[in-house]
Amino acid sequence: MDKQVSPVHGERRVALVELVNRVLDRGVVVSGEITISVAEVDLLYLGVRLLLSSIDPVVPERGSAGRASPVDARAP
Amino acid sequence: MSGCYLYCLVPLGHLPPAGLTGVGGAEVRGCDVGSFTAWTSDADARPEPSLDGVREHHGVVQVALEEVTPLPVRFGEWAADSGQLLERLRRERERFGTALDALAGALEFGLRVDVSAEETHEANGAFGEELSADGRAYLRQLGRRRKERRAQVAEREALVAELRDLLGAMVRDERPGAGSAGGASVAHLVARDDAEAYARTVDRFRGERPELVVEVLGPWPPYSFAS
């Protein structure tokens, strides 16, 4: 992360990451079928990637080893 | 037939405002299930996680929070038809009813405490200057740096504990933070009536400790306390 980011921008980014982590990783689960298909990837990382791909959805793709991995996201 | 997407559960009879839309722009409606009401919308398929979807989901739950404390549902709760979803909710109505009751009248705040960015930058800079040393020295420095970081983590956790003591009974419950960009992060469950006093107490602590970064985010719907 850029250490020289302005305080307002930094605070906004922290708030967005906290939002993403809450909505994707917390809250009650009813069916037990929710899978955010990025197994073994830290959700904070996922939150950051969602920030970077704020236009396109993050769609996991199967790599050659058969495990889901996030696609490369475009920088804003 | 359209599938059904679930946002949150609220006390019985609290309906979404007319015209409220959620994921994919679908209109949100309320369905009564035993002692609570489920806020749902039509959805042909389980939505993929995206920033827009996250914002749309949270937007609905946040509207619910304006009137009552909802039990937030995790993103992605979807069933092929509303009957299936309602049946799942009925099967576990006691669990959900108990969870709703436990959260009644409360809000979530996110609290993050960290040493200042300048202090972190200075420490990282000093370590960076030593990287040109030989391999053995580098490994020693790496070990020292890890020890310093463990000490920093302990220091930040102690600061959070100190703040928690100041907040006292205003904190009904505490959970690990929902993803911190560094620092020590916790989620606090606070009664609505205590929200202003909570914020004032944190502000006072921040003023007394200018060397620290103290951030409060919220109020949130109580995602961190939903299970």
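1. Let's start with one pairing detail: B:Val113 sits opposite B:Ala184 of β8(B). Keep in mind while reading that this is a predicted model.

2. β8(B) has another partner to look at, namely strand β7 of chain B, residues 171-176. These two also run antiparallel, joined by five bridges. Here B:Pro176 is the residue that stands opposite B:Val186 in β8(B).

3. How many of the eight residues of strand β8 of chain B are buried? Eight of the eight, over residues 184-191, so the strand is largely enclosed by the rest of the structure.

4. Now the two faces. In a regular strand, side chains alternate between the two faces of the sheet. In β8(B), B:Ala184, B:Val186, B:His188 and B:Val190 point one way, while B:Ser185, B:Ala187, B:Leu189 and B:Ala191 point the other way. All of them are buried, so have a look at both sets, B:His188 and B:Ser185 included.

5. Over in chain A, have a look at A:Glu18, which is in helix α1, residues 7-25. Is A:Glu18 buried or exposed? A:Glu18 counts as buried because its relative accessibility is 2%, and the cut-off for buried is under 20%.

6. What does the side chain of A:Glu18 contact? A polar contact of 2.7 Å joins it to the side chain of A:Arg22. As for A:Val30, twelve residues from A:Glu18 along the chain, the C-alpha atoms of the two are 22 Å apart.

Notes: Residues are numbered from 1 along each chain as its sequence is written. Chains are lettered from A and ligands numbered from 1 in the order in which they are written. This is a predicted model: local features need pLDDT of at least 70, side-chain atom pairs count only at pLDDT 80 or more; totals for chains, interfaces and linings use all residues. Side-chain values use heavy atoms; hydrogens and water are left out. Helices (H or I, at least four residues) and strands (E, at least two) are DSSP runs, numbered from the N terminus. Buried means under 20% relative accessible area, exposed over 50%, partly exposed in between (1.4 Å probe, protein chains only). A polar contact is a pair of N or O atoms within 3.5 Å; within protein, one must be able to donate a hydrogen and the other to accept it, and residues adjacent in sequence count only if both atoms are side-chain atoms. Two strands pair if DSSP finds at least two bridges between them.
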